[in-house]
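Thank you all for coming this morning. I would like to walk you slowly through one model, and I ask you to keep it in view while I speak.

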Amino acid sequence: FPGSEAFGSSGRSRERDDMPRREFPGGSRSRGGERDDPDRQRAAMAFGGGRRNDRREREDDRARAAAVFGSSSRRREERDEFGGDRRRGDDYGRGPAAPQNVRAEPPSSNWGDDSEDKKSPVAQQKKSAPKLSEEELAAKTDALLKTYLLLENKREAISEIKKLHSPEYLPQVIRKTLVKGYSAEGLKELKLIVGLIKALLAENVVSIENVVEGIEQAVSKHQGRLDHEDAKERSATLKKIGELLEENEVVPVDAELGEGVLEFVFPNRKSSNVEDSGEDKSIDHELLEKIVSSKVRGEELAEMVDVASVQPDFAAVFITRLLEANPVYVCEEAGNSWCGPAEYGALLSKLVGDEEPDAEKLKAQIGVLYAVQAGFNKFEFPRASNGQSLIEKTFMKLYNDDIVAPEAIIEWKDDISDSAGKVSAIVQLSQFVNWLEADDEEDEESE
């Protein structure tokens, strides 16, 4: 055999050929035209019979499996229904694919059913969620307001306020929002504050009652610290916030507001209310405009007014209107001459003047002082060139000309119904008021 030396001897090949071989049933294997020996035939019969027995057993197993799990054709139908076989490369080893056309059942709308609540994990979680404490609510509110002013994300701030789940705490949220204005660095942050309150109202997260109550709480806390150094700046901030609330129509005109809110946040509404209430009662506005625009002064002017026909608060309304029409009476150093006898002093003395006023006259004199305070507050309390306070000069003129009694000035200072500019006025009038109080104590001791 050619090449036997290279590939092995023929004897070794014959040894392998003599080994029994497994034959397919019914057939024989021969090599090189040689006949199979009896041993090979017996081996073929032995192994071939075993294969036939194994095949029968496998067929029996398949039949039993088909009876239990269904036939292969049924499995093919199921695979077709669920989108066909998965490829080995796609999610191999993760089990059968999920149905593609299975329709989810809609959530139950019967929220009042206790049985549904028991089945719903979300409902269970809401029921089991603990209510936040006052300290936790305050901490979360401070954090969300700080984030809002930093990122200016109004939508996120509203979402966080909703998550508080505490309707009774909403007025405090408004108060804390307003208080953030005290540390605001400019008008932009104040607009952000007012914008958030407006958005909360627009989305019904808070009610107008919540807003009004929050403003009242902020004003109440501010009134409790009027003796602090930053009281003037805080008053100015509240007033500016009030102007922005007015511009954005956040608080309706017909909303019921307390006296403190009107004085510190909406002073314009207060003056309007005073004028409106005066007009309803008996203030003669035609007479008022006639006096303000008239060139007549002194005693002749006083003769034009019948004291019996006007209300005691006519003098306060008159001064308010007079200072609005003549800013020079506030800003110029000699401006206090308007309350002298030769100008409007005679008329004021006729209306409210009395060295020992009764309760009604005393109230009218205090009203005159508040009207003067409001007029100077609009111009931020100007001073003379020598540094003297111009409102102090005006108060002293009213006192020296017996238009207001010292008791009226002292009671004006002690009046707890503080108004816009009251702190600044008291600071500038401190020496004069202290002198009046000391003089009043000396008179009591001498008696």
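What you see is a predicted model, in which local features need pLDDT of at least 70 and side-chain atom pairs count only at pLDDT 80 or more, while totals for chains, interfaces and linings use all residues. Residues are numbered from 1 along each chain as its sequence is written, and side-chain values use heavy atoms, with hydrogens and water left out.

The mean pLDDT, the predictor's confidence in each residue from 0 to 100, is 76 for the protein chain, and 67% of its residues reach 70 or more. Over residues 26-35 the pLDDT is below 50, and it stays under 50 over residues 81-94 as well. Where pLDDT is low, the predicted coordinates should not be read in detail.

The protein chain has 24 helices and zero strands, where helices (H or I, at least four residues) and strands (E, at least two) are DSSP runs numbered from the N terminus. Of its 447 residues, 35% are buried, meaning under 20% relative accessible area with a 1.4 Å probe, protein chains only, as against exposed at over 50% and partly exposed in between.

Which residues touch the most other members of the largest nonpolar core? A nonpolar core is a set of buried Ala, Val, Leu, Ile, Met, Phe, Trp, Tyr and Cys residues joined through side-chain atoms within 4.5 Å, and in this one, of 52 residues, the answer is Phe318, Ile319, Trp338, Phe395 and Ile409. Helix α20, residues 359-377, gives the most to this core, with nine residues. A second, separate core has 45 residues, including Tyr148 and Leu192.

Trp338 is buried at a relative accessible area of 0%, and Tyr329 also counts as buried, at 15%. Their ring centres lie 6.3 Å apart with planes at 25°, so the pair is stacked; rings of Phe, Tyr and Trp (its six-membered ring) pair if their centres lie within 6.5 Å, with planes under 30 degrees apart counted as stacked, over 60 as edge-to-face and the rest as tilted.

Finally, where is Asn336 found? Asn336 sits in the loop between α18 (328-331) and α19 (341-352), and is buried, with a relative accessible area of 16%. Its side chain reaches the backbone oxygen of Lys393 at 3.5 Å. Leaving aside neighbours within four places in sequence, Asn336 is in contact (heavy atoms within 4.5 Å) with Tyr329, Lys393, Thr394 and Lys397.

Definitions and conventions:
A polar contact is a pair of N or O atoms within 3.5 Å; within protein, one must be able to donate a hydrogen and the other to accept it, and residues adjacent in sequence count only if both atoms are side-chain atoms.
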